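Have a browse through the picture, then follow the notes below it.

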Amino acid sequence: MSKCNQCKKIYDPIPKDKEWGIGKFLCECKNEFTGFGEMNVTESKCYKCHALVPIHHMLPPRRYRPKKTEASHSCNGVNCM
């Protein structure tokens with residue numbers, strides 16, 4: 001549970017299947033990559049085998065440090081172009 005420091009209101013956690021943010025994608029071809037998305041909604045294309053891969057798990061926000069890569073991005077996310 002989470003509590004607001006100002007008003008002391010207690011909030012329930014977001015269910016695991018509704019989480020969103022930076023997720024880890026694990027493809028069957030052993031390729032691992034990260035990207036923004038929502039659990040059970042977003043699938044991203046693996047650039048090794050070209051399969052659509054769902055998010056395996058979400059990364060904690062404080063531990064994730066985005067790496068600058070030349071790889072292009074492709075997913076079925078709602079806001080992705």
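Let's start with Asn31, which sits in the loop between β3 and β4. Keep in mind that we're looking at a predicted model.

- Is Asn31 buried or exposed? Asn31 has a relative accessibility of 15%, and buried means under 20%, so Asn31 counts as buried.
- Who does Asn31 touch, if you skip its neighbours within four places in sequence? The contacts of Asn31 are then Phe25, Leu26, Cys46, Tyr47 and Lys48.

**How the strands line up**
- Four strands make an open sheet, and reading across it you get β4-β3-β6-β5, with antiparallel pairing.
- β4 (32-38) and β5 (43-45) are at the edges with a single partner strand each, so one side of each has no neighbour in the sheet.
- Going from one strand to the next, the twist averages 50°.

**Strand β3 and its two partners**
- With β4, β3 runs antiparallel, and seven bridges join the pair.
- Across from Lys24 you'll find His57 in β6.
- Phe25, meanwhile, stands opposite Ile55 in β6.

**The nonpolar core**
- Which residues make up the largest nonpolar core? There are eight in all: Phe25, Cys27, Phe33, Met39, Cys46, Val53, Ile55 and Met58.
- β6 supplies the largest share of this core, with three residues.
- Phe25 and Ile55, which stand opposite each other in the sheet, are both core members.
- Phe33 is another core member. Leaving out neighbours within four places in sequence, Phe33 is in contact with Gly23, Lys24, Phe25, Ser44, Lys45, Cys46 and Val53.
- Phe25 and Cys46 tie the topics together: both belong to the core, and both are among the contacts of Asn31.

Key:
Residues are numbered from 1 along each chain as its sequence is written. This is a predicted model: local features need pLDDT of at least 70, side-chain atom pairs count only at pLDDT 80 or more; totals for chains, interfaces and linings use all residues. Side-chain values use heavy atoms; hydrogens and water are left out. Two strands pair if DSSP finds at least two bridges between them. Helices (H or I, at least four residues) and strands (E, at least two) are DSSP runs, numbered from the N terminus. Axes are lines fitted to C-alpha atoms, for helices over the stretch in contact, and angles run from 0 to 180 degrees between N-to-C directions. A nonpolar core is a set of buried Ala, Val, Leu, Ile, Met, Phe, Trp, Tyr and Cys residues joined through side-chain atoms within 4.5 Å. Buried means under 20% relative accessible area, exposed over 50%, partly exposed in between (1.4 Å probe, protein chains only). Contact means heavy atoms within 4.5 Å.
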